[in-house]
Amino acid sequence: MKGKQQSDRLTTQQKAADGVIGIFDEEAQEHDRKVSDNSKIVVHKLQEEFPTLTFRYRKSISKKEINEALHEVDDDLGQTLFLQSASIIPDGGIIEVKDDNGKWHVVAVSEAKFQGRDIDNIKAGIKVGKNDNQDLMAAGNAIERAHKNVREEAVKNLVSMEFKTS
């Protein structure tokens with residue numbers, strides 16, 4: 001029942017904010033651009049600090065690529081891909097480093113969301129939360145998306161490593 005209450009609350013919130021337009025406004029779009037720009041700066045700094053290594057920045061990684069890496073480890077893994085064009089697209093992109101064998105490994109995945117209007121609400125005296133008694137909203141979708149993206153990248157990265165037995 002708890003999930004249904006949250007779903008109803010989010011539906012009401014979406015309708016009041018005119019859907020995506022209210023959530024992904026100009027300020028949120030600028031925030032996304034800054035996160036991506038910062039990741040590109042990090043790649044440049046890494047290249048300066050570690051000139052013998054090769055780094056790259058990617059906006060996304062396809063789930064097909066993740067599944068292929070899984071399949072290389074075990075024929076039973078990486079079999080099902082419902083949408084061939086599916087990918088994960090973290091807001092700040094993906095930073096990778098190339099190892100001595102030419103394989104890429106994830107260094108960082110950046111996900112950041114500009115969500116909520118906590119400062120505006122506090123200034124206006126608006127309370128939020130289940131009982132309208134909180135100044136700040138609890139963290140939500142940004143953390144969930146970040147966790148999902150990091151988990152998928154970790155699986156891809158893990159299976160692309162070669163494990164040697166003694």
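A: Let's start with the overall build: the protein has 6 helices and 5 strands, where helices (H or I, at least four residues) and strands (E, at least two) are DSSP runs numbered from the N terminus. Going along the sequence, the pattern reads α-α-α-β-β-α-β-β-β-α-α.

Keep in mind that this is a predicted model, so local features need pLDDT of at least 70 and side-chain atom pairs count only at pLDDT 80 or more, while totals for chains, interfaces and linings use all residues. Residues are numbered from 1 along each chain as its sequence is written, and side-chain values use heavy atoms, with hydrogens and water left out.

The protein averages 74, and 55% of the residues score at least 70.

Now for the loop. Asp-99 lies between β4 (93-98) and β5 (104-110). Asp-99 counts as partly exposed because its relative accessibility is 25%; on this scale buried means under 20% relative accessible area, exposed means over 50%, and partly exposed is in between (1.4 Å probe, protein chains only).

What does the side chain of Asp-99 reach? One partner is the side chain of His-105, joined to that of Asp-99 by a polar contact of 2.8 Å. That term means a pair of N or O atoms within 3.5 Å; within protein, one must be able to donate a hydrogen and the other to accept it, and residues adjacent in sequence count only if both atoms are side-chain atoms. A polar atom of the Asp-99 side chain also lies 3.0 Å from the backbone nitrogen of Gly-102. Along the chain, Leu-53 is 46 residues away from Asp-99, yet their C-alpha atoms are separated by 7.8 Å.

Ser-36 is buried because its relative accessible area is 12%. Leaving out residues up to four places away in sequence, Ser-36 touches Tyr-57, Asp-91 and Gly-92.

Back at the whole protein, buried residues make up 24% of the 166. Among contacts between residues at least 6 apart in sequence, 60% join residues at least 24 apart.

How values were computed. pLDDT is the predictor's confidence in each residue, from 0 to 100. Contact means heavy atoms within 4.5 Å.
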